[in-house]
Amino acid sequence: MRFSRFFLPTLKETPAEAEVISHKLMLRAGMIRKLAAGIYSYLPLGLRVLRKVEAIVREEMNKAGAQEVVLPMVQPAELWQESGRWEFYGKELLRFKDRHARDCCLGPTHEEVITDLVRREVRSYRDMPLNLYQIQTKFRDEIRPRFGLMRGREFVMKDGYSFDVDEKASGKTYLAMYAAYQNVFRRLGLQFRAVEADTGSIGGSFSHEFMVLAETGEDTIVSCTGCDYAANIEKAEVVWSEKGQIKSNTPSRPMEKVATPGRRTVEEVTTFMGIPPQQLVKTLIFLVDGQPVAVLVRGDHEVNEIKLKNLLQAREIALADEALIRRITGAPVGYSGPVGLPVKIVADQAIQGMYDCVAGANEEGHHLVHVDAGRDIHADLYGDIRSVTAGDRCPRCKQPIRLSRGIEVGHIFRLGTKYSEALKATYLDGEGQERYMVMGCYGIGVSRIVAAAIEQGHDESGIIFPVAIAPFDVLLLPVNVNDTVIREAAEDIYHEFLSRGVHVLLDDRDERAGIKFKDADLTGIPFRITIGTKFTKEGLLEIKVRGTGETLFVTREQLVQTLLNMHSERIPRCLQQG
RNA sequence: CGGGACGUGGCUCAGCCUGGUAGAGCACAGCGUUCGGGACGCUGGGGUCGGAGGUUCAAAUCCUCUCGUCCCGACCA
């Protein structure tokens, strides 16, 4: 490709709308442009990267025995009503009516459609295992799209679905997909980690997320320093033991109400009373499927809403608003306490055995002291409802854990028979028995990977693409196209690369060298070959590696061999074929 | 949806508080010089100041409504 003819509008300045690095750089490097909130056009450079990611995903899926299909993006409401998700999925599902006033939606995911397809075609255990996938634009009407491609409303996703005869076979498929995902992310050249995850609205019994490690990630990952346990914080289990609890063998003193005027937060109250936060019972009022519930955690802990939701098997939970809190507790926010509350009380396991602690008195400006959990707190339910903190231990091996940030780029689920039961997807087994198919589903955020790769690979000057997904392998940079020697050498090299199948971008623009160098750095092409005075005077070409900054000078004759020797996945393969 | 910020040539922003003939830099077009890290000079084109309504002799500026965008929270590949 010739730069002079390439639609690559780079920007010197960052548009005001971009906040995170990948978004800024994708706009500046002319990869994407925004049409509306969370909706972007891919320009040629961005599309080339997207296509390379897709190609790797496709190859690995095919290798793992999955077959590619393309399912409709517009879907009838009936299917979603059948699965129950027409109600459940919420406003993220973009709904509309066609000209006949039939309810439709844009596909945010395709469990319904694929299950419908398979239930019509597959009747026998002989037709399984069956594993189908597609790479397609999805639409989810996110409440708050953000960070450019990181959380768009429209995004490219690989979604795959497997159908097996039983749990055992499904587990095998799951493992095969797990391995395929490892291969995908390894080949993409990303630093990543597979973690145990919550299953969210997709449902099912078991799942792993694939996280690209990056500070800007929206997810927190808990990983063990001793073993290979890793989980999303939404899911990570808390190891609880009686040890380390504040306990005493002496009987409690009676509860007592003390004035704590104006002290509402944990910090304010504990500082005021001169106690550690572990000695406070934090009481939060939640609205669980419309019912108020008091949720207790220790002062130094945070409620994990996902765990709470799962424990209560609730559809929807949210913190209560000020008015409701006042109605239930009789006090403003900051003075809620478990003693005498007329609602269901759910407590974290760490609350058990808390002794001589402090809690809100359900009265403005007052707290209770000498509260003994066993005597004074009558929880309806104890469970693991808090998030792991940095001080916790690994639930597997009890070694210290570590918290880090990640971007979720893949998610695999074991669905069991959730959808096959809802949609009556059955087959006949060897004994002629009708059985439900056992499903799995497997997603990869293709467009998000592009953003994640940039989050992980960039410097002050611009993008540093992994070789595997770079839009071009090589950038040829003739410093001055008005110099005949330089221009002809560039054309010569350009044509050799083209004939060898190397993806090469020739910056044949009649621009100053500085502009070309800046664009070269910005667009992140792994290898830059500069043809300048060093060539006209000494016959030397400069190879610069974008990622490492390493530069070396070679003759025209040495060029191909040198690139061949340089460590990269793609370049050698192309060059060798030539 | 709750909280915050912001909409002024293609981009980055000033002007608004204190109403009085729309500005700068970059980008773009032409000419000249320059030519290995976002050059310089001269000339030129381009904005009904997001939109609607109001106040006023007069609105980018003040008021009301509205649309859009971004950030923080609930959602998720």
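**Stop 1: helix H12**

Select helix H12, residues 446-456. Its buried residues are Val446, Ser447, Arg448, Ile449, Val450, Ala451, Ala452, Ala453, Ile454 and Glu455. That is ten of the eleven residues in H12, so the helix is mostly covered. Buried means under 20% relative accessible area; exposed means over 50%, and partly exposed lies in between (1.4 Å probe, protein chains only). Helices (H or I, at least four residues) and strands (E, at least two) are DSSP runs, numbered from the N terminus.

Before moving on, note what is on screen: this is a predicted model, where local features need pLDDT of at least 70, side-chain atom pairs count only at pLDDT 80 or more, and totals for chains, interfaces and linings use all residues. Residues are numbered from 1 along each chain as its sequence is written, chains are lettered from A and ligands numbered from 1 in the order in which they are written, and side-chain values use heavy atoms, with hydrogens and water left out.

**Stop 2: helix H1**

Now select residues 21-28, helix H1. The buried ones are Ser22, His23, Leu25, Met26, Leu27 and Arg28. They pack against E1, strand E2 (39-42), H12, strand E25 (458-459), strand E26 (462-463) and H14.

**Stop 3: the nonpolar cores**

Next, colour Met31, Phe185, Leu188 and Ile469. These have the most contacts inside the largest nonpolar core, which has 61 residues. A nonpolar core is a set of buried Ala, Val, Leu, Ile, Met, Phe, Trp, Tyr and Cys residues joined through side-chain atoms within 4.5 Å. In soluble globular proteins, nonpolar side chains tend to be buried together.

Stay on Leu188. What does Leu188 touch? Not counting residues up to four places away in sequence, Leu188 touches Val53, Ile56, Ile449, Pro466, Ala468 and Ile469. Contact here means heavy atoms within 4.5 Å. Another core lies apart from the largest one. This other core has 26 residues, among them Leu79, Phe413, Ala425 and Tyr427.

**Stop 4: RNA strand B**

Show RNA strand B and the 52 residues around it. A residue is near a strand if one of its heavy atoms lies within 4 Å of it. Which residues come nearest? They are Ala16, Glu92, Ile143, Arg151 and Asp521. Of the RNA atoms that come within 4 Å of the protein, sugar and phosphate account for 46%.

Colour the surface near the RNA by type. It divides into 18 nonpolar, eleven polar and 23 charged residues. Here Ala, Val, Leu, Ile, Met, Phe, Trp, Tyr, Cys and Pro count as nonpolar, Asp, Glu, Lys and Arg as charged, and the others, Gly among them, as polar. Helix H14 gives the largest share of this surface, seven residues. Other elements supply at least two residues each, including strand E8 (154-164) and strand E21 (401-416).

- Glu13: an N or O atom of its side chain is 3.2 Å from a base nitrogen of RNA strand B.
- Arg151: an N or O atom of its side chain is 2.4 Å from a base oxygen of the RNA strand B.
- Arg448: an N or O atom of its side chain is 3.4 Å from a base oxygen of RNA strand B.

**Stop 5: Thr329**

Jump to helix H9, residues 322-329, and pick Thr329. Is Thr329 buried or exposed? Thr329 counts as buried, at 6% relative accessibility. A polar atom of its side chain lies 2.7 Å from the backbone oxygen of Ile325. The side chain of Thr329 also reaches the backbone oxygen of Ala331, at 3.0 Å. A polar contact is a pair of N or O atoms within 3.5 Å; within protein, one must be able to donate a hydrogen and the other to accept it, and residues adjacent in sequence count only if both atoms are side-chain atoms.

**Stop 6: Cys357 and Asp376**

Select Cys357 in strand E18. Cys357 is buried, with a relative accessible area of 1%. Then select Asp376 in helix H10. Asp376 is buried too, at 9%. A polar contact of 2.8 Å joins its side chain to that of Arg375.

**Last stop: the whole chain**

Zoom out. Chain A has 17 helices and 31 strands. Buried residues make up 54% of its 578 residues.
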